Amino acid sequence: MRPIIAAAGEEIVSRRRNLIVGWTAAVLTIALFANLGLWQSRRAVEKQAMLDAAAQVMAKRTLQPLSIAADPAHARDYDWAIGRGRFDERDALLLDNQQRNGRAGVRAYRIFVPEQGAPLLVDLGWLLLPGDRHLPQIPKPEGDIELRGLLTTPPSTGLALGPALARQGEAWLMPRVDLAAIARETGMSVPLAPRVLRLDPALRIGYERDLELLPNTLPPEQHRGYAVQWFALALAVFATALILTFRKRRRP
């Protein structure tokens, strides 16, 4: 009898050990999937709030002085602004990997020095990038000029890998918009304003553009969709763990 009792005891211990290991792995996986779902949900809320705030500003279009771009208290806000000044002599900056209507291109920026306030980056619009990736020429608008448009935060940087900008002929090519790096690498003696001016599409300067805030990133509804998927995966793992725990063992 002793061998039979010993074998049964070993089987119970083995099953208990397997349950502990299995549930530990399940709980960790559920926690991971649930946190990914929560992160996607938070991104959806953040982006929806951003779109709603910008929509209110663009609906009213209450003019603010361009100098407000340098105010750190408004660094995360949206404002419809206007101001006069001149474009800086420094070369254009081209943001790489920008899609528009399924076409690959770059977004052109130049530094603008307003009559009042700190210099700031101006989004001139989108240009098609040819297959040989030869960068387009971005002539500098000359003389004193009045600009108006939407002041926004710079485009999301994503993963900050590698240099923020590199010299490419008569322009700077950027994988992301890093205002501090732009000021440093282009030799500016003062920092750039923390917000970027998205030009009013009605202005007769610049290139193809609109005031779409999420042209190369996920909209809120896609974040919500991904959140549902992650939560569903967490639920599936939990259900599978329950089934494996309570299923009847087959008798030999």
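Which residue has its charged end over the ring of Trp80?

**View 1. A charge over a ring.** In this predicted model, the residue to look for is Arg61, whose charged end sits over the ring of Trp80. Zoom in on the two side chains, and you will find that charged end 4.2 Å from the ring centre.

**View 2. The largest nonpolar core.** As background, nonpolar side chains in soluble globular proteins tend to be buried together. Here the largest such core has 26 residues, and those with the most contacts inside it are Leu94, Phe112, Leu120, Val122, Leu147, Leu151 and Leu197. At least two core residues come from each of the strands S2 (79-87), S3 (92-100), S4 (103-114), S5 (120-128), S6 (145-152), S8 (171-174) and S9 (196-199). Strand S5 gives the largest share, four residues.

View 3. The structure holds three aromatic pairs, and one of them brings Phe33 and Trp230 together. Their ring centres are 5.4 Å apart and their planes meet at 35 degrees, so this pair is tilted. Phe33 belongs to helix H1 (residues 2-60) and Trp230 to helix H3 (residues 220-246), so the pair ties together parts that are 197 residues apart in sequence. Phe33 is buried, at 16% relative accessible area, whereas Trp230 counts as partly exposed at 26%.

**View 4. An edge-to-face pair between two strands.** Phe87 and Phe112 form an edge-to-face aromatic pair, 5.0 Å from centre to centre and with 70 degrees between the planes. Phe87 lies in strand S2 and Phe112 in strand S4, so that distant parts of the chain, 25 residues apart, are linked. How buried are the two partners, Phe87 and Phe112? Phe87 has a relative accessibility of 4% and counts as buried; Phe112 is buried too, at 0%.

**View 5. The largest pocket.** About 800 Å³ of space lies in this pocket. Its lining is made up of 30 residues, and those nearest the centre are Pro154, Pro155, Ser156, Leu213 and Thr217. Helix H1 and strands S3, S4 and S9 are the elements that each give two or more residues to the lining.

Note on methods. Residues are numbered from 1 along each chain as its sequence is written. This is a predicted model: local features need pLDDT of at least 70, side-chain atom pairs count only at pLDDT 80 or more; totals for chains, interfaces and linings use all residues. Side-chain values use heavy atoms; hydrogens and water are left out. A nonpolar core is a set of buried Ala, Val, Leu, Ile, Met, Phe, Trp, Tyr and Cys residues joined through side-chain atoms within 4.5 Å. Buried means under 20% relative accessible area, exposed over 50%, partly exposed in between (1.4 Å probe, protein chains only). Rings of Phe, Tyr and Trp (its six-membered ring) pair if their centres lie within 6.5 Å; planes under 30 degrees apart count as stacked, over 60 as edge-to-face and the rest as tilted. A charge sits over a ring if NZ of Lys or CZ of Arg is within 6 Å of the ring centre and within 35 degrees of the ring normal. On a 1 Å grid over the protein atoms alone, a cavity is a set of points where a 1.4 Å probe fits but cannot get out, and a pocket is an open set with protein on both sides within 12 Å along at least five of seven lines; lining residues have an atom within 4 Å of a point. Grid points are joined across faces, edges and corners, and a volume is the space filled by probe spheres set on the points.
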